[in-house]
Amino acid sequence: MITYLNILIDSPEFLAQLIINGLLVGAIFALIAYGLALAWGVMDIINFAQGEFVIFGGYITYTLFYQFGIHPILTIPIVALVLYALGLIIYKTIISRLLGQKDIFITILATFGLAILMQQLMQAIFGPDVVTADPRLGMLKLFDGSILISNIQIVSFIIAISVGILLFVVMKYSRFGQTIRATAQNPRAAGILGIDIDKVYANTFAINTALCGIGGSLVVMVWTIHPFIGLVYTFRSFMIVILAGLGNFMGIIYSGMGISALENVTGFVIGAEFQAAVIFCLLVIILVTRSIRARRKRQYLE
Amino acid sequence: MITNNKQNMLIWIGLAISAVVPLLLPNYITVLTYIWVMIILALTWDMLGGQTGYTSFGNILFFGVGMYVSAVVQRDMFSSGLDRFERVSEIVVNLNASEYFVSLAVGTLAGAIVAVILAVILGSGILGMRGHYFAICTLGLGHAAAEIASGIDYIGAGSGMVTPIYPGELALSKEAFYYYAFMLFAIVTFFLFRKIYQSQFGLALNAIRDNENKAESMGIHTTQYKIAGWSIAAFFLAIAGAGVGNVIGFIDPVEIAFSGPTFGVWMIVMAILGGKGTIWGPVLGAVILYSAKETFWTYLLGWDKVALGLLIVIIVVYFPKGVLGYFKERKQLSNSILSQKGEG
């Protein structure tokens, strides 16, 4: 551990490399977290299957790339459409029955069961192997090659940010975005004023899954996926949202990129075998500190 | 409602049958052992999940901790001087009968104590949260434990470790010993938990479930009660874990000890299937789910875990009250219809 720390101190280029990689990939995490925050804020549902939608999106890109030879970047709109449709189906069959449930436990466990179902289905369909769909765009060399950035990371950063901004603009200025925001504020009043709440909820959830899908196809290009890695993405997006707070668009981008950079550096220092443990522990630490801070004000996290 | 006396009579009949069954069906003894294990798992999960309404996804942590602590004690108690260059996962310890049982007892107790200490420390940080935050935090705990355990070389890292071999010279076979041990332990757990739920402590737990803010304002220190409940669950869960590690004979961090997709989910599903928040619900759910799993899940081949996921979604969305809850509701309904008729 100390040797790794020394490496970072001795070569600031390497530290910069880790941080830049983290910041670029962080935009993808922020996109996924934005979807979670959307469903959470509007419907008061935390989707435990968030990461599984991401991985499913990744597998669609992978299949389209290897089976049909479509360039991975061009698969993004297809993935978004497929995941949007899947989101609508899951809303109709499962999520719509959970709305208005008083027992919060039911919603948590239903989406958790959905997560297990999707994990196992993906393993049965695509197999347990680690896959990637690298479009081979080459590397960008900075400072005489002391910092290497793969071009796909830059491309995916741009895509993630532009999808996020597009959605932000739609939410803020379109009639459709207005109905979603109105429903989030007060569903009953929105219903009285003629907004079809069920439709708004269905669309919100489907937008969430579509965002996950886009995130997933970016992830499979930049990194690798396998059927059981989804939980890590669920945790990451949850962390990002609780750090930023609901309905804080810029906050989600900042905390997404920040958490990702922090995770990259700590993962390197502590060791590769603890990389996933870092994410899980980080989540527990963030939650416990927030809880202790809330307790001082005689409040609690709910 | 059935009284305690009637219940006890039913229990004794059931116990008499289950004490004889392994003699009649020696081939199924391991499956029957697991039914007792599942009953313990479901009962301990229900302490927090059912009685206080706190959905914990991380109880598997205590199961795994008990398993690992016990295995380490059993390995190192009588055979000092672990070879540094040997691969931990290949170390097999041979003990004679007295050494085996002494180290098993000490290891189990040590595992239980470590689990309780962990429950108190973690609980004081985590149990102040509610709802979603608590659920996701405990889910994180369970997975963090698995990841950390797979990185520690002393306990075999990702390739796991082997528990001591059961001494061969005994008249009682390994399978029979663990069957009766788990049966006894499940009975103790059941009666103790029933006693707890009928006491003032149990009422406090239920008050937390019904309305935590009101309970707090009535002077119940809710967080302390939750920590106490979690610690009791952790104690029993760790003992079960220590036993299961020895039954399987091999410990692996992700697939066995901290296995979210098997033991970790089963305990929750079983408690809900039977009816959470009751004493008989988890027992019933454990028996139903595990017998169903053993009888027809093998025919599903690779799709058994898909079926589990589907089962959770279906149970939770369409059948959230469980078997006992369903019958209770029906009974209440028919009672109210009868009383209406009487009045008319």
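From the N terminus on, chain A runs α-α-α-α-α-β-β-α-α-α-α-α-α-α, which comes to twelve helices and two strands. Here helices (H or I, at least four residues) and strands (E, at least two) are DSSP runs, numbered from the N terminus. This is a predicted model, in which local features need pLDDT of at least 70 and side-chain atom pairs count only at pLDDT 80 or more, while totals for chains, interfaces and linings use all residues. Residues are numbered from 1 along each chain as its sequence is written, and chains are lettered from A and ligands numbered from 1 in the order in which they are written.

**The two chains overall**

Chain A has a radius of gyration of 20 Å, close to the 19 Å that the globule rule gives for 302 residues, so chain A is as compact as a globular protein of that length. The radius is taken over C-alpha atoms, and the rule is 2.2 Å times the number of residues to the power 0.38. Taken along the principal axes, the C-alpha atoms of chain A fill a box of roughly 65 × 55 × 40 Å.

Chain B comes to 14 helices and two strands. Its radius of gyration is 21 Å, close to the 20 Å that the globule rule gives for 344 residues, so chain B is as compact as a globular protein of that length. The C-alpha trace of chain B spans about 85 × 50 × 40 Å along its principal axes.

How much of each chain is buried? In chain A, buried residues make up 47% of the 302 residues, and in chain B 45% of the 344 residues count as buried. A residue is buried if 20 or more other C-beta atoms lie within 10 Å of its own, exposed if 12 or fewer, and partly exposed in between, with C-beta atoms placed from the backbone.

Contacts tell a story about sequence separation too. Two residues are in contact if their C-beta atoms, placed from the backbone, lie within 7 Å. Of the contacts with a separation of 6 or more, residues 24 or more positions apart account for 75% in chain A and for 82% in chain B.

Two packed helices are described by the angle between their axes and the distance between the axes. In this report axes are lines fitted to C-alpha atoms, for helices over the stretch in contact, and angles run from 0 to 180 degrees between N-to-C directions.

| Helix pair | Angle | Axis distance |
|---|---|---|
| H2(A) and H9(A) | about 165° | 9 Å |
| H2(A) and H10(A) | roughly 70° | within 8 Å |
| H11(A) and H12(A) | about 125° | 9 Å |

Angles under 35 degrees count as roughly parallel, over 145 as roughly antiparallel, 65 to 115 as roughly perpendicular and the rest as oblique. H2(A) and H9(A) are therefore roughly antiparallel to each other. H2(A) spans residues 12-43 and H9(A) residues 197-222. On the H2(A) side, the residues that meet H9(A) include A:Val25, A:Ile28 and A:Leu31, and among their partners in H9(A) are A:Tyr201, A:Phe205 and A:Leu218. By class, this contact divides into 19 nonpolar, four polar and no charged residues. Ala, Val, Leu, Ile, Met, Phe, Trp, Tyr, Cys and Pro count as nonpolar, Asp, Glu, Lys and Arg as charged, and the others, Gly among them, as polar.

H2(A) also packs with H10(A), residues 230-244, and the two are therefore roughly perpendicular to each other. The contact includes A:Phe29 and A:Trp40 of H2(A), together with A:Tyr233 and A:Arg236 of H10(A). Its residues are eleven nonpolar, one polar and one charged.

What is the orientation of H11(A) and H12(A)? They are oblique to each other. Their contact is made by A:Glu263, A:Thr266, A:Gly267 and A:Ile270 of H11(A) and A:Gln275, A:Val278, A:Ile279 and A:Leu282 of H12(A). Four of these residues are nonpolar, three polar and one charged.

**A closer look at A:Val82**

A:Val82 sits in helix H4 (residues 76-98) of chain A. With 18 C-beta neighbours inside 10 Å, A:Val82 counts as partly exposed. Leaving aside neighbours within four places in sequence, A:Val82 is in contact with A:Ile60 and A:Gly213.

**Where the chains meet**

In the interface, 35 residues of chain B are in contact with 34 residues of chain A. On the chain B side, H4 (97-126), H5 (131-149), H11 (260-274) and H13 (304-318) each supply at least two residues. The largest share, twelve residues, comes from H5(B). That side of chain B divides into 20 nonpolar, twelve polar and three charged residues.
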